[in-house]
Amino acid sequence: MDTRAKIIDLASATAIATSLQGQGARLKLVAGYFDVLTPDHVRRLRALSNGERIIAVVLDPPDPLLPPRARAELAASLGMIDYVLLLQGTSLEHALDQIRPHEVVREEVADGQRSQALIEHVHRRQRG
């Protein structure tokens, strides 16, 4: 399966959310940068999934290491993520109004900390 098919736009996300909610399924939206995935990302997302459908929203960090499409493809490659939403000029707040998930998890701060820890680790390795 080509996991890039999991990358959707807002109209598709809204339709999927409406369908899932109509079937009684719970939908969780996880917003984050996904700017290089680390084992900590995977553990966190696995803990968040607990049987619920997850839409990951790829947001733009202040100083990205990877372009948005690459970050979306990384997120889509994870089995616990059902769909990946690229906002493309739409605000997260507007997307939330359209999708109306049961739960929203904001991971921006934690993603920034994970990326910073990775950068520091690489710098230590290069100096040592």
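**Close-up 1. Packing of the buried residues of helix α2.** The buried residues of α2 pack against β2 (27-32), β3 (53-58), β5 (103-106) and α5 (108-127), contact here meaning heavy atoms within 4.5 Å. Helices (H or I, at least four residues) and strands (E, at least two) are DSSP runs, numbered from the N terminus. The model is a predicted one, in which local features need pLDDT of at least 70 and side-chain atom pairs count only at pLDDT 80 or more, while totals for chains, interfaces and linings use all residues. Residues are numbered from 1 along each chain as its sequence is written, and side-chain values use heavy atoms, with hydrogens and water left out. Within α2 (residues 39-49), the buried residues are H41, V42, L45, L48 and S49, where buried means under 20% relative accessible area, exposed over 50% and partly exposed in between (1.4 Å probe, protein chains only). Viewed down the axis of α2, these buried residues fall within an arc of 130°, so they line one face of the helix; the arc is that of the directions from the helix axis to the C-beta atoms. The exposed residues P39, R46 and A47 are carried on the face of α2 turned away from its buried side. Just after α2, G51 takes a positive phi of about 85°.

Close-up 2. In α3 (residues 68-76), which holds R71, the buried residues are R71, A72, A75 and A76. Seen down the axis of α3, they fall within an arc of 135° and so line one face of the helix. The elements that cover these buried residues include β1 (7-8), β3 and β4 (83-86). R71 has a relative accessible area of 0%, and its side chain reaches the backbone oxygen of L66 at 3.0 Å. Not counting residues up to four places away in sequence, R71 touches Y33, F34, D35, V58, L59, D60, P61, P64 and L66.

Close-up 3. Most residues other than glycine have a negative phi. F34, however, has a phi near 50°, a positive value in a residue other than glycine, and V36 has a positive phi of about 75° although it is not a glycine. F34 is buried, with a relative accessible area of 2%, whereas V36 counts as partly exposed at 24% relative accessibility. L37 is likewise partly exposed, at 22% relative accessibility, and, leaving aside its neighbours within four places in sequence, it is in contact with L74, A75 and L78. The C-alpha atoms of L37 and T18, which are 19 residues apart along the chain, are separated by 29 Å.

**Close-up 4. The crossing of helices α1 and α4.** The axes of α1 (residues 10-22) and α4 (residues 92-99) come within 9 Å and cross at roughly 35°; axes are lines fitted to C-alpha atoms, for helices over the stretch in contact, and angles run from 0 to 180 degrees between N-to-C directions. The crossing of α1 with α4 is right-handed, the near helix being turned clockwise from the far one by less than a right angle. L10, A13, T14, A17 and Q21 in α1 meet H94, A95, Q98 and I99 in α4.

Notes:
Polar contact = N/O pair within 3.5 Å; in protein donor to acceptor, adjacent residues only side chain to side chain.
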